[in-house]
Amino acid sequence: MIIGGADRVNSVKFVKLKSGKIVRHVDEQYLRKDIPCGVSTCPLCDKNQQCNLQIEFVQHADVEMVEDEQVMRNRERIYIVDHLFTLNQYDFIENCEALSNFVLPDTVLRYLNRKNIQSFHGMKNLIEQEQRQIYYFYNENFKETHVKDTQFAGKGLDYKLKRKMAVAYDWYFQHLQGLTKGNKVYLLTDSLKAKQDYLSMLKGDDVKLNVITMEDFIVMNAARHPELMNYMGFAQQVDIESEQAAKDMSTSEELYEDHLTFDEMQIGIREGKYFKGRFMTSRVNMDEANALVDGLKDDLIILGLKNQNRALNGDTVCIQVLPEKDWVRNFKESDMVNAIDKEDPAQAISAADQEQGEEEREENIPPSKEKITLMQKINTEKERRVTAKVVGIIKPMNKTYGGSILSQQDQSAETRKKFDLFMRNMKIPAADIDLYRVFVPFNIQLPQVIVKALDPHALEKKRFILRIGKWMKYSPFPFGQFIRILGEEGKMNTESAMILHEFNVDTRPFSQKVIQCLPSAGAEWKIPQEEIDKRLDLRTYCVCSVDPIGCKDIDDALHCIELPNGNYEVGVHIADVTHFVRAGSEIDKEAARRCTTVYLVEKRTDMLPGLLTENLCSIRGGVERLTFSVIWEIDKTTLKAVKVDYRKTVIKSRAALDYYTAQKMIDNPDDHTDLTEGLRRLLKIATVLRDRRNLQGALTLASPEIKFKLDDKRENPTDASEYVHVSTHYMIEEFMLLANIAVAEKIVSHYPSFAVLRRHPQPKEKEIAAFVEQLNKQGFEVSMESSKTFAESLDRAYKPGNPFFNKLIRIMATRSMNQAVYFCLADFDVAEVFHYGLAVPLYTHFTSPIRRYADVLVHRLLAAAIDITSLTNDMTDKFKMARQCDQMNRKNRNARFASMASTELNTFLFFKNKQVERQGDIIEEAMVMRITKAGMFVMIKSFGVEGLIADSQYQKVQVDTEKEQALVNGAELVRPFDTLKIKILPESVEFRRQIKFIYISRIEVGEQVGAGDVEMAEEGGAGEQSLSEAKKSSKKRKNKQH
Ligand SMILES: [Zn+2]
């Protein structure tokens, strides 16, 4: 548009402020004439402080004479990175310092923002790192390089973007001609195809010489940067998407129906022909999928790959309900493989999508009459499940995935068949066959992917991150493109890196800006006297901490003394993290993004930098620490709190104990030190508190917990055992609960509209129906009226002499329930937020601020509630708080799944090692948890490891889901809760780890030799047996579940 002779464009752009911060800015912009090229020595431009590009006149012959290579490394050439290279090789850009001194055009950053939000944020950080010499070039707003969108109507986005790149590059080339005597400016793209496209757009032959691919870049720089050769495999991958796009496929067999266009979908949804839904694949059978649709009671079932029509797990799809005759017999809950597990990693992965970019705004159009009729019909259908098919993809998941490529000889017969179909259907010349490989994603809910590389052998036996691209209707596989290598397949490091990637855990080191927020004295930091003066000084108190063995991030410590009036004083002292993490600071923003520390078997990924996590905040023994305390006076006879106080304090812990040491001290009758007497008092009070809570209807839940012993390098599990609980576990837990409840009450009384709390919704009858039915079949009545009646039902579901059954019931009850979640009180009535599992009206998280961001927020709320500080605007904004709660729930769930995957990995490695060691079969006892279409799900008694006994080459399993029983090898009838003897076979099939369970025989109850051993060990040494009913011998509670 031309107004008054000046070019004007409306645009969104990213503006780099003086502070170095880049912000998004929507504005009506006039094209500028004074944007510099960024070369610090350019005589033609008005330079600013951002002009950081270097060009030096180095004769090629002299290069080897230069001693300081760090200085010289990239001053010969300037690179302009294009959008494709930046998107597809982002990890290369981030990790490979040989690529510096480059121009990042505005167009590219905008493109990245739309395509991959994580890379976008990463790139913004990278620009700030001076040593990389990245110049952010406003090509879109520069008169010389601005390209009007209207020029290319009908040409497609790819063409338009390339055109913009070509124009920017051409300008640089011409602009720097005089300065560089030519040949100093390069356009870096990622494929031969793109290179050819650029060559056809550019006019001068000189210019064309300098369009290079990643492979060219590596070759040009490898002499001085040998590490670049590691990336050669990626550089040589071939863009099969564009290669195939050019082929004539008219004679190929169409495997799938065409997808609708975006407009067709929008109109169809509006008119009521289609629904919009979130697509999810079953974890057991890829042929089964479902879609969650707003307004529908049940999800729609999508059976068969044809009906799934190339949708990937997590995609937002457009679906059409199939005619009624195709609806299927009602699924019993037990038919649904995942029915009993409320927690499905699929949901976590799908939810990760919400972190991608901004939420699109939806037009709120009321559904048509036809659609309302159809929805009513679906919602009232009782006999059948409604089936549907995918007609288009509205929004792809757009995530990257970890996995491995299969060598051709490792392909299973089924994969081979698909591979051959691919070759035939996609018209691949026989000579090229060796260049193609099948990639197997780690996530079993994703299909195999096809990739093409010039040297695929170099990529075998490794783990990669890959992006799934286009899926043509003629192809049995989607196309993929490698992003990053993780390492050798099967190694703990590699596998853990993949787990963290799959669950969106940020493993990047903390940025310079975050580190700058830490005390400059570092580990030498001492508490300043004026800080001590402001606080309650408890340094002379006999405070101690009790944690798992080897715990380095110690959040909490306790004390208990007898007051002169005979009452007890109990103090719970929590690391004062907010003293170091100020609201709104860079370190706070980073913690708000990460939300939680993630624990894998062999390592932690911290929410806060190590200096705080392991040192300045960690309540180590013998060191003075700042704490935030809740202190009660507890009546000596009733053991009820008569007074509670919240104070900022300073303490000096006497000892950082582990559970077992603390237990031994308590149990040692000759130990009468202050420390031990304090612990005994705490245990005595905790026992009463716990009994009281149980009477109120708190549920005793359980999860199998397996503990691994690792070798010295922490690369292999050498031993596994069930986690042994002693009474000091619940002692600590009781006081943490007490503190959390007390803090919840305090912050709600002051900030009823935006307090951050935690709730555990009562399970809906339907959700827990499968579990209740199983209990009924075992002859136990279940009342779901309240958590109290449910708790009592669980207590009754007890079989004397069958401790594993009693424990399994608790585990299954836990599974069938919802997870507790964070929420902002603004969204709820106080009556709605009852914590079902704990049977308390209000609950929050206060006790672990080192590793949970919720606790950081709660510390700030509490500090404000007792008038120590005031709240920032963000904290009083209920919408912001609600959004932060969503983020915390998402990150928490991902962290939990990452931990589970790590346990699975180590379990597999453990059995694998054991198998090698023993050179024989591993035989274990297991109990049947449920029988589904897929087979029998069982849990091994000794470790709490779960597995599936499925129909396979090892055994014949005929399942009758109606009667909930399975006929094994045509002879033995198996039902839920039967005890079996099984063989464990750890196998890797196409790089997917599987622990196969093989049926040997059924064991009659009574025959179980040593079945009580585990229980004995658990309670062994559990000093005080005055706990609630001793019969609940297997009761445990995991703090994490609350
Ligand atoms: Zn210039």
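Contact means that heavy atoms lie within 4.5 Å. The structure is a predicted model, in which local features need pLDDT of at least 70 and side-chain atom pairs count only at pLDDT 80 or more, while totals for chains, interfaces and linings use all residues. Residues are numbered from 1 along each chain as its sequence is written, and side-chain values use heavy atoms, with hydrogens and water left out.

**Exercise 1. Describe the surroundings of Lys636.**

Step 1. Helices (H or I, at least four residues) and strands (E, at least two) are DSSP runs, numbered from the N terminus. Lys636 is found in the loop between E27 and E28.

Step 2. Buried means under 20% relative accessible area, exposed over 50%, and partly exposed in between (1.4 Å probe, protein chains only). The relative accessible area of Lys636 is 44%, so Lys636 is partly exposed.

Step 3. When neighbours within four places in sequence are left aside, Lys636 is in contact with Asn565, Gly566, Asn567 and Tyr568. Gly566 is 70 residues apart from Lys636 along the chain, and their C-alpha atoms are separated by 6.1 Å.

**Exercise 2. Determine how strand E28 pairs with E27 and with E21.**

Step 1. Two strands pair if DSSP finds at least two bridges between them. E27 (residues 624-634) and E28 are joined by eleven bridges in the antiparallel sense. Within this pairing, Trp632 has Val644 in E28 as its bridge partner.

Step 2. The hairpin of E27 and E28 has six residues between the strands, and Leu639 takes a positive phi near 55 degrees there.

Step 3. With E21 (residues 536-538), E28 (residues 641-652) pairs in the parallel sense over three bridges. Asp537 stands opposite Val650 in E28.

**Exercise 3. Characterise the packing of helices H18 and H31.**

Step 1. Two packed helices are described by the angle between their axes and the distance between the axes. Axes are lines fitted to C-alpha atoms, for helices over the stretch in contact, and angles run from 0 to 180 degrees between N-to-C directions. For H18 (residues 492-502) and H31 (residues 878-918), the angle is about 155 degrees and the axes are 10 Å apart.

Step 2. Angles under 35 degrees count as roughly parallel, over 145 as roughly antiparallel, 65 to 115 as roughly perpendicular and the rest as oblique. H18 and H31 are therefore roughly antiparallel to each other.

Step 3. On the side of H18, Met492, Glu495, Ser496 and Ile499 take part; they meet Ala898, Ala901, Ser902, Leu905, Asn906 and Leu909 in H31.

**Exercise 4. Work out the arrangement of the open sheet of five strands.**

Step 1. The strand order is E11-E10-E9-E12-E15, with antiparallel pairing. E11 (300-303) and E15 (388-395) are the edge strands, each pairing on one side only. Direction ignored, neighbouring strands of this sheet are turned by 40 degrees against each other on average.

Step 2. E9 (residues 275-281) and E10 (residues 288-293) pair in the antiparallel sense over five bridges. Gly277 stands opposite Val293 in E10.

Step 3. Helix H13 (residues 262-271) packs on the sheet and touches E9, E12 (316-321) and E15; its direction makes about 120 degrees with that of E15. Helix H16 (residues 369-380) also packs on the sheet, touching E9, E11 and E12, and its direction makes about 35 degrees with that of E9.
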